[in-house]
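User: I am new to this structure and would like to learn how to read some of its features. Could you take me through them step by step?

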Amino acid sequence: MTRLILASQSPARTKLLSNAGIAHEVLVSDVDEDAVQARYGVTDPHDTALLLARAKAEAVASLPEAEGALVIGCDSVFEFDGEAHGKPYTAEVAKERMLRMSGGMGVLHTGHWLVDCRDTDAGPNSDGGTGATLGSVNSAEVHFLEMSEDEIDSYIATGEPLQCAGSFTIDGYGGAFIRKVDGDPHTVVGLSISTLRALLGQAKVGVTELWTGGAADPADIRAE
């Protein structure tokens, strides 16, 4: 069976793949994001998301554990008022950002990078690799409701926004403050399943080859 490795420690991304019935392993990269950005001098949020996704995927692809697998790396960057917002890490930064975001709109860019580590010299009857290393960015507009300072303080107190690009999530507490999303909502979570399908296709792998039969039951999702 074709192996897919997710080069990310994000629980949201692995949950997305699991709910979509996509078999995968998790192998976290040790990429220094600040060092990568400083090296290449990229400041555009769209390009930054792709650059960091590539750095993560290639770092994991270089490990012995990745031999014979496909590696997908992802990174999300939130663009607001022309500025790139990664993870805030501190309550002070998160609050300053959210006060500005209240009632406004920003764009969440999620970069995806796929590396095919399968043997390109495999026989005609085996799943030979393509040697592909390719990427794509999917972007979605996120429109926020007005948020009171008390609501923002309570949200930050949960700890959820501190490790999220843009200081919010759509699939957790932060969903209460999002009015609508224009674009693929999976992009806002951090991994577009349809973009992954397209990248796999370019590597001559059908997404259905990775289905485990363990996708989330729609009845269970409605009951949650």
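Analyst: Let us begin with burial, where a residue is called buried when its relative accessible area is under 20% and exposed when that area is over 50%. Please keep in mind that this is a predicted model.

User: With that cut-off, is C117 buried or exposed?

Analyst: C117 has a relative accessibility of 18%, and because buried means under 20%, C117 counts as buried. C74 is buried as well, with a relative accessible area of 0%.

User: How many disulfides are there?

Analyst: A disulfide is a covalent bond between the sulfur atoms of two cysteines. The cut-off for such a pair is a distance within 2.5 Å, and by this rule the count here is zero. For C74, which is in no disulfide, the nearest cysteine sulfur belongs to C164 and is 15 Å away. C117 is likewise in no disulfide, and the nearest cysteine sulfur to C117 is that of C74, 15 Å away.

User: What is the phi of S167, and where is the place of S167?

Analyst: The phi of S167 is positive, at about 70°, although S167 is not a glycine. S167 is found in the loop between α5 (149-157) and β7 (178-182), and with a relative accessible area of 0% this residue is buried.

Definitions and conventions
Residues numbered from 1 in each chain as written. Predicted model: local features only at pLDDT ≥ 70, side-chain atom pairs only at ≥ 80, totals over all residues. Heavy atoms only, no water. Helix = DSSP H or I, 4+ residues; strand = E, 2+ residues; numbered from the N terminus. Buried < 20%, exposed > 50% of the residue type's maximum accessible area, 1.4 Å probe, protein only.
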